[in-house]
Amino acid sequence: MQQELSTHGIKVQTINPGAYYTGYNETMADNPFRWLDDKKHFTKRADLRRGFDDFFATPEGKMDPTEMIERMIEIVPADDGKFRNVVPKVIEDMLKAHQLAAWENKI
């Protein structure tokens, strides 16, 4: 989209929020349980539920959305800046480390 719209003078940026406590992440985490079947799938319902519950119990799993709102107010109207904006910084750092590990991973 960024490449397609640049010829029209339109700038595109993305905002990747962390797991802010808005209800969206909690709803998204519940969706697999509508179709996940222990008899058909390798991933077991209890294991997936435990993973979600463990994550939502951490500080990163229930962050105050005020921080995200404040950053969006800064990012959206800006005439320059990064294409990819990950908020908060701790999540940006975690994603970068995860992606680097994937590139360097050996079989």
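**Close-up views of a predicted model**

**View 1. Glu 92, a buried residue in helix α5.** Glu 92 counts as buried because its relative accessibility is 10% (buried is under 20% relative accessible area, exposed over 50%, partly exposed in between; 1.4 Å probe, protein chains only). Glu 92 sits in helix α5, residues 89-104 (helices are DSSP runs of H or I, at least four residues; strands are runs of E, at least two; both are numbered from the N terminus). Its side chain makes a polar contact with the side chain of Lys 82, at 3.4 Å (a pair of N or O atoms within 3.5 Å; within protein, one must be able to donate a hydrogen and the other to accept it, and residues adjacent in sequence count only if both atoms are side-chain atoms). Not counting residues up to four places away in sequence, Glu 92 touches Lys 82 and Val 86 (contact means heavy atoms within 4.5 Å).

This is a predicted model, where local features need pLDDT of at least 70, side-chain atom pairs count only at pLDDT 80 or more, and totals for chains, interfaces and linings use all residues. Residues are numbered from 1 along each chain as its sequence is written, and side-chain values use heavy atoms, with hydrogens and water left out.

**View 2. The largest nonpolar core.** Eight residues form this core: Tyr 20, Met 63, Met 68, Ile 75, Val 86, Val 87, Ile 91 and Leu 95. α4 (66-75), β2 (84-87) and α5 each supply at least two of its residues. A nonpolar core is a set of buried Ala, Val, Leu, Ile, Met, Phe, Trp, Tyr and Cys residues joined through side-chain atoms within 4.5 Å. Leaving aside neighbours within four places in sequence, Val 87 is in contact with residues including Tyr 20, Met 68 and Ile 75.

**View 3. The second largest pocket.** This pocket holds about 170 Å³ of space. Among its lining residues are Gln 2, Asp 79, Asp 80 and Lys 82. The lining divides into 4 nonpolar, 3 polar and 4 charged residues (Ala, Val, Leu, Ile, Met, Phe, Trp, Tyr, Cys and Pro count as nonpolar, Asp, Glu, Lys and Arg as charged, the others, Gly among them, as polar). On a 1 Å grid over the protein atoms alone, a pocket is an open set of points where a 1.4 Å probe fits, with protein on both sides within 12 Å along at least five of seven lines; lining residues have an atom within 4 Å of a point.

**View 4. Gly 9, in a loop.** Gly 9 lies between α1 (2-6) and β1. Its relative accessible area is 61%, so Gly 9 is exposed.

Methods: Grid points are joined across faces, edges and corners, and a volume is the space filled by probe spheres set on the points.
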